[in-house]
Amino acid sequence: MTVQNQQAVARYRNDFLREVEERVEDGEWVKMCMQCGVCAGSCPLGNAWQHTPQKLFMMIRAGKREEVLTSDAMWMCTSCYNCIVRCPRKLPITHIMHGLANYAHRLNIAPKGQPTREVAKLFWNNLAKTGRVNELKFSLAMYFKDGFVQGIKNAMAMQSVGLGLVKAKRLNPMELFGGHKCKDTGSFNKMIAKAREIEDRKKGFTS
Amino acid sequence: MAEMKTAAYICSGCELGDKLDVAQLTKIAQKEGKMALVREHAFLCNEEGVQMIRDDIEKEAVTHICIAACSRRAKTEAFNFPTVAMSRANLREGVIWVIAEGEQHDEVRQEMANDYVRMGCAEIKKMILPQGNPNHAHNKRLLVVGGGMSGMTSALEAAEAGYDIVIVEKEAQLGGWAAKLWKRVPFKQPFAEPQDTGLTELAAKVSAHPRITVHLSSTVAETSGAPGRFSVQVKGAAGITTEEVGGIVQATGFTTYDLNKLPELGGGKANVVDQAGLEALARSANGATIKRADGKEVKSVVFVQCAGQRDETGTHLAYCSGHCCATSVKQAMYFKDANPQVDTVVMFTDLRLPGMGEDFYRSAQQKGVIFTKGKASAVEASGDGCEVKFRDLILDEDTSLNADLVVLATGQVPNAGVNLEAWNPIVTAAEGGSDEAKQQKIEMQKTSVLNLNYRQGPDMPQLKQGFADSHFICFPYETRRTGIYAAGPVRRPMDMLQATEDATGAALKAIQAVENASIGRAAHPRSGDLSFPTARLEGCTQCKRCTVECPFGAIDEDERRFPVFNESRCRRCGTCMGACPVRVISFENYSVDTVGMQIKAVDMPDEFSERPRILILACENDAYPALDMAGLQHHLYSAFVRAIPVRCLGSVNTIWITDALNSGYDGVMLMGCKHGDNYQCHFVKGSELANYRMSKIDDTLKQLGLEKERVITHEVAITDNARVAKLINEYVEKINEIGMSPMKGFN
């Protein structure tokens, strides 16, 4: 169990609903769910998930912390917003899904290797360095995420597309060496650190 | 009464003149109908036409009129002549609108119209202008039995409307259940917080009202009489007082379902209470944190909804009491408002918060009350509290919750008194000499609320599950004892807000009843009807069928077992007339003869004419309007039928059917309202009784040597316009298959 997770468990003991309310984005809405199941019925991918939003909310209320935070369900949300549009209680369900995913990720108990989570991590790490998305590096990171050999195979398969992009001047190979940045990377990094600090304080994270 | 002078008026408007030979109709009214005066008019319902009739009534001393024009349900404002008896021959909706156009149908269409004119003339000669009930009484005071929320509301509403009220309350103070509540479910904007009951103020207002007399610690020892002249023995601590009243509102409320009947849900165990028990705890906490009976502060509480309710096994209450979801939400708020840290879980299978209850529900969610969709299977003692075992219906798993206190949402059991369906067999057995039954009868009588001295038993008939209701949807405020109206949870399960509304409605119905009684008129559904049943007692065989079958218990028996009619209790359905085997019961304007003569007036073609005649006896409440509307919508049907409206199928005397078959009719169709559990009969039991009687008609048919298909009964709703035409056509086909009746030509 991660340190953050241990701290959270100690702090909220059995009251997982309160934990969600205080620490998950839009989590205060969970208590307002009336279990009608319209979200579950509206989700285009609902039957591909481990749990529907309706079930997740019920599990939160029933205190099923482990099951909720390790579920893959909220990672599978494609943000189609069908559930938000249809929820008779006006719950921002899509946002809650992302909030739960983010929280599980912060506690580091989200499912390992979950593709959405992996892509999100790569994207964030790429962006947070320079304040700009380096598309070349991001693509390469995606190719090589499953190891070197798989990476070479992926790169070979995409070779013609890559060369085409270079020819059409949509891809600059020189980006591999540093690449473009925002004007003041130092300040950008400070900004990100400050935002994190504020959020941690608001949500009661100690580290 | 002045000498009878008859007149017939034949209208040729609305295309009647184009499609029918009016001169022929006139001739029939004169020659066969033997009307003293026959007039034609091109537009009878216009001012000139109506004036013509009025002039005849005034100058020619006409006393009985037959109007041959449109249906009796049309143009009632134009054809309103209260000083003469009137019949209506239905030539428009009943003939020209439903019989196919074209020359090839001219003959049968004319035959049908001729018959309706003959029938109208035959009927009017047997009618007498109703004079109103001579035994009407004028007492307009109202008795309210029960001094709870419903009773006090009824009393206050009626008192404010200017009527004197007597309240009888069995407890030593007013208030009933409502007075035992800490707070009530909100009934005002924003429907978010429990509100004060306001009961103290209401009780004070009732006690101080100059028009209201209150008997506390009292019960009703005996009720006799009829609307306008009830005599009520009120038994109090100081003895018996007699109160004379005109109408009664029974607002005797409910008892909570016995907790001890729910041992599997912890009923009877420590730390398990029902909602009433929790109200008591909340009252003693007085706004502070609620403590259990053993003095421990409650940190966690589970509300188990539908405890012993909506039970499909037949062990407990089969119904939903309606108020308990909102009540549990309110009670959960008691805890949350005193201390937001208390864990409150409401365990439901379906959360039912009608009306503005949805806002209240949302408010409870905001406060952090947890709602769990689950079905509790057991409540067991565990540690210092209880463990609730349940099936989580969303997560689909068996699980459990621990709580300091468990509240069971048990249901409402009506205080409706004696169940007459159980009572009547015991009375019969007791009259047969059974000592055991006699003892049972005495025990049962002790549970009676009204102690009516009616022939049919001491309380109001119960509809379903013991509630004193008569019809949920069509006539919510009607009961089957005229002048006595049920209000509040004794009528159907309900909450305080609904009870307030219900009580106001019942007060208005009671006022209407005493006002109608004071001028000798009928109450719903024939309100305003001045006719009433009379019996030729010298012909009566004391068979008791009328006294047993009257759906409204209007008929008592005297010492010699002759029927005693209480006209003010009567709803004028004629069920007694239909029941009477010796046909001694009649109304002034509706009798065995008024219908019988119509049946006989029809011209009967011979067996070889290939023109069958089919009699339709149609209930005037639903079936006859459906026939009219079939006409309005031009759903065509056969010209071989002759329809006669009856007050209720219950009023159909089997002699009409025998007479019809004897005189050569090829078939008889009875059209009445739906009977049985979801009945639609306006007189509750009429169509059911008719159905029962018709089930015995097969023997008669056999005796006559006729096929059993010659008499059929249909349930017809007012909306069955197209269906009714289809039924007729199918039946005519059927009769053609069977062949003509061999009975023609004997009379």
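This is a predicted model: local features need pLDDT of at least 70, side-chain atom pairs count only at pLDDT 80 or more; totals for chains, interfaces and linings use all residues.
## A glycine between two strands

Gly383(B) sits in the loop that joins strand S16 (370-382) to strand S17 (385-392) of chain B. Its relative accessible area is 84%, so Gly383(B) is exposed. Asp404(B) is 21 residues away from Gly383(B) along the chain, and the two C-alpha atoms are separated by 9.3 Å.

## Chain A at a glance

Let us turn to chain A, which has 12 helices and zero strands. Read from the N terminus on, its elements run α-α-α-α-α-α-α-α-α-α-α-α. The C-alpha trace of chain A spans about 55 × 40 × 30 Å along its principal axes. Chain A has 207 residues, and 38% of them count as buried. If you look at the contacts in chain A with a separation of 6 or more, 61% come from residues 24 or more positions apart.

How confident is the predictor in chain A? The pLDDT of chain A averages 90, and 98% of the residues score at least 70. Within chain A, confidence is highest in helix H6 (residues 82-86), at 96, and lowest in H1(A), at a mean of 76.

## Where H1 and H2 of chain A meet

That helix of lowest confidence in chain A, H1(A), also takes part in a helix pair. Helix H1 (residues 3-12) of chain A packs against helix H2 (residues 16-23) of chain A at an angle of about 120°, and their axes are 9 Å apart. Which residues make the contact between H1(A) and H2(A)? On the H1(A) side they are Ala8(A), Arg11(A) and Tyr12(A), while H2(A) brings Arg18(A), Glu19(A), Glu22(A) and Arg23(A). As for handedness, the crossing of H1(A) and H2(A) is right-handed.

## Aromatic pairs

Over all chains, the structure holds 10 aromatic pairs. One of them joins Phe144(A) and Phe148(A): the ring centres are 5.9 Å apart and the planes lie at 35°, so this pair is tilted.

In chain B, the rings of Trp177(B) and Phe254(B) have their centres 5.5 Å apart; their planes are at 15°, so the pair is stacked. Trp177(B) belongs to the loop between strand S6 (165-168) and helix H7 (199-208) of chain B, and Phe254(B) to strand S12 (residues 254-256) of chain B, so the pair ties together parts that are 77 residues apart in sequence. Trp177(B) is partly exposed because its relative accessible area is 29%. Phe254(B), at 16% relative accessibility, counts as buried. Elsewhere in chain B, ring pairs link Phe587(B), Tyr590(B) and Trp656(B) into a cluster.

With 48% relative accessibility, Gln173(B) counts as partly exposed. How far is Gln173(B) from Tyr679(B), in sequence and in space? Along the sequence they are 506 residues apart, and C-alpha to C-alpha the separation is 40 Å.

## Two buried residues of chain B

Ser71(B) is part of the loop between strand S3 (64-69) and strand S4 (85-90) of chain B. Its relative accessibility is 0%, so Ser71(B) counts as buried. What does Ser71(B) touch, not counting residues up to four places away in sequence? The answer is Arg88(B), Asn90(B), Glu93(B), Tyr624(B) and Asp628(B).

His714(B) is found in strand S29 (residues 711-715) of chain B. Here the relative accessible area is 19%; the cut-off for buried is under 20%, so His714(B) is buried. Leaving out residues up to four places away in sequence, His714(B) touches Met669(B), Leu670(B), Met671(B) and Gly672(B), along with Arg723(B) and Leu727(B).

Terms used
Residues are numbered from 1 along each chain as its sequence is written. Chains are lettered from A and ligands numbered from 1 in the order in which they are written. Side-chain values use heavy atoms; hydrogens and water are left out. Axes are lines fitted to C-alpha atoms, for helices over the stretch in contact, and angles run from 0 to 180 degrees between N-to-C directions. Helices (H or I, at least four residues) and strands (E, at least two) are DSSP runs, numbered from the N terminus. A crossing is left-handed if the near helix is turned anticlockwise from the far one by less than a right angle, and right-handed if clockwise. Contact means heavy atoms within 4.5 Å. pLDDT is the predictor's confidence in each residue, from 0 to 100. Rings of Phe, Tyr and Trp (its six-membered ring) pair if their centres lie within 6.5 Å; planes under 30 degrees apart count as stacked, over 60 as edge-to-face and the rest as tilted. Buried means under 20% relative accessible area, exposed over 50%, partly exposed in between (1.4 Å probe, protein chains only).
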